[in-house]
Amino acid sequence: MSHQHFCHIAGHYWDCDGKVLRPADTEPSTCICLPCGLPVEGFDHTKCGDAVELLACPKHREEALRRLAVARQEFHRRAGEFGLSEKCKKMQSLPEGAEKDTLLREIKAWILQGCVERQHEA
Ligand SMILES: [Zn+2]
Ligand SMILES: [Zn+2]
Ligand SMILES: [Zn+2]
């Protein structure tokens, strides 16, 4: 028995036999059914719906790793420009109030902006 994953790199479904080497991992790991938390293979998941895990197929794993590295670099660059860690530290030290709210909104807006930018790339 096998199940399927959706490769988000090239946009296709592929068959998996229960264990797969995930990007950023060095050892293959067992596929876990997200709704119930049990291994995908060997258990009955008919009630779990068809939750398909987004996972790069073995052929596109290299590409997924490369994109991950680029995304991480880009995040660090943007976070540095924005002063994310300073802003977070400052926010944590502030007492509840308008100043803290403003800063929190600013940080949230920044994170949201990053998500929107990534969607535009895709
Ligand atoms: Zn799998
Ligand atoms: Zn399940
Ligand atoms: Zn693929």
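Domain 1 covers residues 3-61 and domain 2 covers 63-121, with bounds that come from an automatic or database domain assignment. This is a predicted model, in which local features need pLDDT of at least 70 and side-chain atom pairs count only at pLDDT 80 or more, whereas totals for chains, interfaces and linings use all residues. Residues are numbered from 1 along each chain as its sequence is written, and chains are lettered from A and ligands numbered from 1 in the order in which they are written.

Next, select the boundary between the domains, where six residues of domain 1 are in contact with four residues of domain 2; two residues are in contact if their C-beta atoms, placed from the backbone, lie within 7 Å. The side of domain 1 that touches domain 2 has four nonpolar residues, one polar and one charged. In this classification Ala, Val, Leu, Ile, Met, Phe, Trp, Tyr, Cys and Pro count as nonpolar, Asp, Glu, Lys and Arg as charged, and the others, Gly among them, as polar.

Now show the whole chain as a cartoon and follow the pattern β-β-β-β-α-α-α along the sequence, that is, four strands and three helices. Helices (H or I, at least four residues) and strands (E, at least two) are DSSP runs, numbered from the N terminus. The chain is more spread out than a compact globule, because its radius of gyration is 19 Å, well over the 14 Å that the globule rule gives for 122 residues; the radius is taken over C-alpha atoms, and the rule is 2.2 Å times the number of residues to the power 0.38. Along the principal axes, the C-alpha trace spans about 55 × 30 × 25 Å. Of the 122 residues, 5% are buried, where a residue is buried if 20 or more other C-beta atoms, placed from the backbone, lie within 10 Å of its own, exposed if 12 or fewer, and partly exposed in between.

Move to strand S1 (residues 3-7) and strand S2 (residues 12-16), which run antiparallel and are joined by five bridges; strands pair if DSSP finds at least two bridges between them.

Ile32 counts as exposed, because it has 12 C-beta neighbours inside 10 Å, and, leaving aside neighbours within four places in sequence, it is in contact with Gly37, Pro39 and Val40. A distance drawn from the C-alpha atom of Ile32 to that of Ile107, 75 residues apart along the chain, gives 33 Å.

Pro35 also lies in the loop between S4 and H1, and beyond four places in sequence it is in contact with Cys48, Gly49 and Ala51. The C-alpha atoms of Pro35 and Pro58, 23 residues apart in sequence, are 24 Å apart in space. Cys36, in the loop between S4 and H1, is partly exposed, with 14 other C-beta atoms within 10 Å. Outside four places in sequence, Cys36 is in contact with His45 and Cys48.

Then select helix H1 (residues 61-82): its 22 residues should span 32 Å at 1.5 Å a residue, and the end C-alpha atoms are 31 Å apart, which agrees; the expected span is 1.5 Å times one less than the number of residues. After H1 comes Gly83, whose phi is positive, near 80°.

Finish at Lys100 in helix H3 (residues 98-121). Lys100 counts as partly exposed, because it has 15 C-beta neighbours inside 10 Å. Not counting residues up to four places away in sequence, Lys100 touches Met91, Leu94 and Pro95. Lys89, 11 residues from Lys100 along the chain, has its C-alpha atom 11 Å from that of Lys100.
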